Amino acid sequence: MTDAAPDTRIAYNLTLSCADQPGIVHAVSGALVQAGCNIVDSQQYGSPASGRFFMRVAVASDRTRAELERRLGPVAESYGMDWSLDPQGAKMRTLVMASKSGHCLNDLLFRQRSGTLPIEIPAIVSNHTELAGLADFYGIPFHHIPVTPETKASAEQDLLDLVAEHNVELVVLARYMQVLSNDLCRKLEGKAINIHHSFLPSFKGARPYHQAHDRGVKLIGATAHYVTADLDEGPIIEQEVIRVDHSRSARQFVTMGEAVEARTLAQAVQWHAEHRVLLDGHRTVIFN
């Protein structure tokens, strides 16, 4: 009896979107089979609101990424697809931005180190210095880029320089308390995730927990969304809530909400890094 030969196939995720029309699944599946791929999992959704079709296919193949892209190219072109083929398990290079609150940053750093979040963080950026020690503890370079009305343009250029230098694929605003310019939002479109400490669309802007406390709400929460030029209006990726009551102070709302913020942000980052999130206008399609 001999040992079975090791499986040398590479696992890939194919994600795509295009105008909904007949034959997409057949064409994509046929191209994958002809390329020698084994389809492990397939999910699709046709949006009646936008008329767009979305698909995520997990495959295994002994062919290179470049070869598979070459074989899939004609099908993608014929249907006008926005598409991407990505190796499964590859860690997404992620730059994290924070200000003074460290709970979301610490959670992301811990999850990265423990291997439960498929990201690699090459740099941390902050407009303050309070979190430098946390970055040092995890051994990640900390970049202090202060922001004032006079220096905002140069500060954002410094950020973009870091994104280019470190081949960053995702920017995460982990309670970074600065509004990004419209120009920067456009440059990071679909590649920047923010955590807002309220259950959007309620209580946008500053001090949402205090707004919620003033209104006597019974639920507070957090929303992870893509960054857009419209403040707190970006496509929502994940949300979570917890129950509160009249006996809680606004300060207690803040403390209770921090754990929810960290979990919500981590889940959104994981889904994005695993190529499970597709944009459908101002909405998202998420394949679980």
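Predicted model: local features only at pLDDT ≥ 70, side-chain atom pairs only at ≥ 80, totals over all residues.

Trainee: Okay, which residues touch the most other members in the largest nonpolar core?

Mentor: Leu105, Leu108, Leu109, Ile193, Ile220, Leu265 and Val269, out of 41 residues in that core. By nonpolar core I mean buried Ala, Val, Leu, Ile, Met, Phe, Trp, Tyr and Cys residues joined through side-chain atoms within 4.5 Å. Buried is under 20% relative accessible area, exposed is over 50%, and partly exposed is in between (1.4 Å probe, protein chains only).

Trainee: And which helix gives the most to this core?

Mentor: Helix α8 (residues 250-273), with nine residues. Helices (H or I, at least four residues) and strands (E, at least two) are DSSP runs, numbered from the N terminus.

Trainee: What does Leu265 touch?

Mentor: Leaving out residues up to four places away in sequence, Leu265 touches Cys104, Leu108, Val172, Ala174, Ile193, Ile195 and Ala224. Contact here is heavy atoms within 4.5 Å. Apart from that core lies another one, of 22 residues, with Val28, Phe53, Leu72 and Val75 among them.

Trainee: Switching to strand β10: how many of its residues are buried?

Mentor: Five of five, across residues 192-196. Ala192, Asn194 and His196 point one way, and Ile193 and Ile195 point the other. In a regular strand the side chains alternate between the two faces of the sheet.

Trainee: So what pairs with it?

Mentor: Strand β9 (residues 170-173) runs parallel to β10, joined by three bridges, and Leu173 stands opposite Asn194. Strand β11 (residues 219-226) runs antiparallel to β10, joined by four bridges, with His225 as the bridge partner of Asn194. Two strands pair if DSSP finds at least two bridges between them.

Trainee: What do β9, helix α6 and β10 make?

Mentor: A right-handed β-α-β unit, with α6 covering residues 182-187. Right-handed means that, with the strands pointing away from you, the path from the first strand over the helix to the second runs clockwise.

Trainee: Which residues of helix α3 are buried?

Mentor: His103, Cys104, Leu105, Asp107, Leu108, Leu109 and Gln112. Just after α3, Gly115 takes a positive phi of about 85 degrees.

Trainee: Now the charges. How many salt bridges are there in the whole structure?

Mentor: The search finds 12, counting a side-chain nitrogen of Lys or Arg within 4 Å of a carboxyl oxygen of Asp or Glu. Arg65 forms one with Glu69, the closest N and O atoms being 3.5 Å apart. They sit four residues apart in helix α2 (residues 65-79), so about one helical turn separates them.

Trainee: Is Arg175 buried or exposed?

Mentor: Buried, with a relative accessible area of 12%. Arg175 meets Glu261 in a salt bridge (2.8 Å, N to O). That pair links distant parts of the chain, with Arg175 in the loop between β9 and α6 and Glu261 in helix α8, 86 residues apart. Glu261 counts as buried too, at 0% relative accessibility.

Trainee: Last one: which residues are linked in a network of salt bridges?

Mentor: Arg63, Glu67 and Arg71. Within it, Arg71 and Glu67 meet at 3.7 Å, N to O.

Methods: Residues numbered from 1 in each chain as written. Heavy atoms only, no water.
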